[in-house]
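This report looks at a few local features of one protein chain. The sequence and the structure are shown first.

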Amino acid sequence: MRAAVVAVGSELLLGDVVNSDAAVLGKELTAAGVEVVTSVAVADDLDRLVATIRLCLADADLVVLCGGLGPTVDDLTRDAVAVACDAPLRRDPEVVAHLEQLLSAYQGRVPADVYRQADVPEGAEALPNPAGTAPGLWLEKGGKVVVALPGPPRELAAVAPPVWERLAARTGRRIVTRQVLVAGLGESLVAERVEQGLELPAGVALSYLAGGALVRVRFTGTDPAQLAPLVAHVTAVLGDRVVSDDGSSLDAVVHGLLAARGETVAVAESLTGGLLAAALSDRAGASETFRGSVVVYATDLKESLAGVPGPLLEAEGAVSEQTAGALAAGARDRLEVGPGLRPRLP
């Protein structure tokens, strides 16, 4: 099954909103065994949206739209699907009842425009939205499938799971991936070492994703048993450069190692301005192993807050190996971290 992803919203083209939905849809469709052949963003313009849907239907078996299902005048996805698929809109009484039950409790009355969300193309199925008011849509016509999902990420996540299950059942296969996270080597050097002596089985794809001083080596296929020896090969040739081979992120690995050793960590930052602390605190349970951060951008604060000796700053400057070492020692002492030091309970 070939799919086209259409993200709807002028805000995506203007740069006001990052199109994160496209990444989610691409990942989930691939996992369901669907090949994504096109991914585009379209403005809130009925004629342009209709033309895009028709063009995608000519090239793909499935079109997945996200966004444009709300109650306002610029929410045109329902109308565009109705025109493109020659399926006139019909008001769905079950959706109307759901909207009235959901909104009347705290608004007193339901604004007339809200009922637009109950307009469903003829022959389409309304997909329940437990996280919002706009239902999704599933329409099959002429051997093609059109799916419309809400744009807000929280609502998309709430509506979409049954769609992925239905598509996986239709394709009869699941795409599986295995990733090896590598640090301390450039992408080209990683590829050179990985591909030396490597033989990819038929149907398995190899790719590299670099960013943030890390490289992910990713294998994609349909049989987990085929991927396991490939991952083992990568870990063998890259050795201690491997951070994880189970998809774990760098911060997750750091927290796991600290927890296993009964240790805690703190950081002192200057130029990074708190980015390291943000990475270490961006997960549930981080307080078990992460004590905190001292952000000392100004040179004088390196001495007064982080404890870097003044003479060292004068002799070596704010940016030097010696100053960095003193910053680390200062954070360690002031934030009381190290082996056996657990966070204090209030």
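## A parallel strand pair

In this predicted model, strand E13 (residues 265-269) runs parallel to strand E14 (residues 290-295), and five bridges pair the two. Within this pairing, Val267 lies opposite Ser293 of E14.

Helix H7 spans residues 161-171, and its buried residues are Val163, Trp164, Leu167 and Ala168. These four lie on the same side of H7, because the arc they cover around the axis is only 130°.

What do the buried residues of H7 pack against? Their partners include two helices, H2 (20-31) and H6 (153-159). The strands they pack against are E3 (62-66), E6 (125-127), E7 (136-141) and E8 (144-149). Just after H7 comes Gly172, with a positive phi of about 75°.

## Arg116 in its loop

Arg116 sits in the loop that lies between helix H5 (93-107) and strand E5 (119-121). Its side chain makes a polar contact of 3.4 Å with the side chain of Asp79.

Leaving aside residues up to four places away in sequence, Arg116 touches Gly70, Pro71, Thr72, Val73, Asp75, Arg78, Asp79 and Arg91.

Terms used: Residues numbered from 1 in each chain as written. Predicted model: local features only at pLDDT ≥ 70, side-chain atom pairs only at ≥ 80, totals over all residues. Heavy atoms only, no water. Buried < 20%, exposed > 50% of the residue type's maximum accessible area, 1.4 Å probe, protein only. Arc of directions from axis to C-beta. Contact = heavy atoms within 4.5 Å. Polar contact = N/O pair within 3.5 Å; in protein donor to acceptor, adjacent residues only side chain to side chain. Pairing = 2+ DSSP bridges.
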